[in-house]
Amino acid sequence: MNAPDRYERFVVPEGVKKVSYERDTKIINAASFTVEREDHTIGNILRMQLHRDPDVLFAGYKLPHPLQYKIIVRIHTTSQSSPMQAYNQAVNDLDKELDHLKNAFEAELAKHSREY
Amino acid sequence: MEGASHQRFPTVKIRELKDDYAKFELRDTDASIANALRRVMIAEVPTIAIDLVEIEVNSSVLNDEFIAHRLGLIPLTSERAMSMRFSRDCDACDGDGQCEYCSVEFHLRAKCLNDQTLDVTTRDLMSSDPSVVPVDFADSSSGFDNPENRGIIIVKLRRGQELRLRAIARKGIGKDHAKWSPAATVTFMYEPEIHINDDMLETLAIEDRISLAESSPTKVYDYDPITNRVVVVDPEAYTYDDEVIKKCESLKVPGLIEIHPKEDSFIFTVESTGAIKASQLVLNAIDILKQKLDAVRLSEDTVEADDQFGELGAHMRGG
Ligand SMILES: [Zn+2]
């Protein structure tokens, strides 16, 4: 009767920011990004992409609790970069990778349907 | 300041393709991308499924909610789903979920008039949209052919029993309710790299070589009686069960066979419920994943807020 709506798991409530950024107060070039209504799908690809960046000293994510529908991505970089720059770069690189993957799959699909 | 790109360029090779089945190789990427694709295919690619049922008459043996639940689970052809609206953010009907942009209406009327049991099936569901109808397994290429195809049975009626209802189908995703998942199964495995040390194999007796080849529960190896060697016939049949590794140890030749999963190569199997084609399911999953990435980009005001904070910080440090 008082069960929350199922869509609360993946729809960002009004007035809540999708991504919020919080600088680390003690370590320079370290920050946490709180991403609302996302899970391991986004968290893990971001983390792995960040690990490919040599300016990233640490990148990790956590899903604090299964009933809190958010992830926290923590990034620590060298002085050559910044958490925000590394984050943006990771998102851009993943986006381009998926573009490439889509083209590769469509090309294979065209090749495959021609053979029949 | 723009950083250097660390983008990858994945490659794809399709091995087998049917309407509701696809098998392909994905290379030059990592497990996080493979797993994200798998997760999106199962839980975030939208389809259309019955979500609201108004029962007018139901004198069947099944109660109303039982029938409503069954109707929800019927796969509907969902090519339209990607361009449809979710009813919760449809402004044409104020989230009522009753307009043509976000819903499809179905009617079902059935009554048994004689002593023969009447099967009420998905063929009795009348759709308001010819592109959104119950999946018909008869015309798929899956070899599910059945000359007397009668659809999926919903309920059986005896003489005098009747079922009359109106149903609204809406767009949704598997994360909301599994009835919206377009995927029957989506799996991927690492491609194994199997090395057999022939010098060590020489030290084994013939019967030990045969028993080594037979120690794998799946047919990965074969014993070649001409060369007296153990050969790999099907590396992908390996289920990472470690049986041959243990056998090597028990034969006192540890390391004779070494198996390494190739960390950047995956073999995907995708089975669809029939709501969308397996190939389309993969393409839609890539699109959805791209949309999700786009949604997690930093907004202008977040960047600005930090710039100000940065200046303030620099000012404070400077002062
Ligand atoms: Zn609507």
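**Figure 1. A look into the largest cavity of this predicted model**.
By class, 3 nonpolar, 3 polar and 2 charged residues make up the lining of the largest cavity. Here Ala, Val, Leu, Ile, Met, Phe, Trp, Tyr, Cys and Pro count as nonpolar, Asp, Glu, Lys and Arg as charged, and the others, Gly among them, as polar. The lining residues are A:Gln49, A:Leu50, A:Asp53, A:Ala86, A:Gln89, A:Ala90, A:Asp93 and B:His6. H2(A) gives the largest share, 4 residues, and helix H1 (40-51) and helix H2 (83-114) of chain A each supply at least two. The volume is about 30 Å³. On a 1 Å grid over the protein atoms alone, a cavity is a set of points where a 1.4 Å probe fits but cannot get out, while a pocket is an open set with protein on both sides within 12 Å along at least five of seven lines; lining residues have an atom within 4 Å of a point.

**Figure 2. The second largest pocket**.
This pocket holds about 440 Å³ of space. Of its 18 lining residues, A:Phe10, B:Glu44, B:Phe86, B:Gln291 and B:Lys292 are the closest to its centre. The lining has 8 nonpolar, 1 polar and 9 charged residues. Helix H6 (residues 278-295) of chain B brings the largest share, 4 residues.

**Figure 3. Four cysteines around the zinc ion**.
B:Cys90, B:Cys93, B:Cys99 and B:Cys102 each hold the zinc ion through SG, at 2.2 to 2.3 Å. Along the chain, these donors (N, O and S atoms within 2.8 Å of the metal, or 3.2 Å for Na, K and Ca) follow the spacing C-x2-C-x5-C-x2-C. The site is tetrahedral, with angles of 102 to 114° among its 4 donor atoms; the label asks for all angles between 85 and 135 degrees. B:Cys90 and B:Cys93 are both buried (under 20% relative accessible area, with exposed over 50% and partly exposed in between, using a 1.4 Å probe and protein chains only).

**Figure 4. Positive phi at B:Asp242 and B:Lys252**.
Most residues other than glycine have a negative phi. B:Asp242, though, has a phi near 70°; look for it in the loop between strand S11 (229-232) and helix H5 (243-250) of chain B. B:Asp242 is partly exposed, at 38% relative accessible area. B:Lys252 has a phi of about 65° and sits in the loop between H5 and strand S12 (257-272) of chain B. B:Lys252 is exposed, at 71%.

Residues are numbered from 1 along each chain as its sequence is written, and chains are lettered from A and ligands numbered from 1 in the order in which they are written. In this predicted model local features need pLDDT of at least 70, side-chain atom pairs count only at pLDDT 80 or more, and totals for chains, interfaces and linings use all residues, while side-chain values use heavy atoms, leaving out hydrogens and water.

Conventions. Grid points are joined across faces, edges and corners, and a volume is the space filled by probe spheres set on the points. Four donors count as tetrahedral if all angles lie between 85 and 135 degrees; four count as square planar and six as octahedral if opposite donors are over 155 degrees apart and all others between 65 and 115; anything else is irregular.
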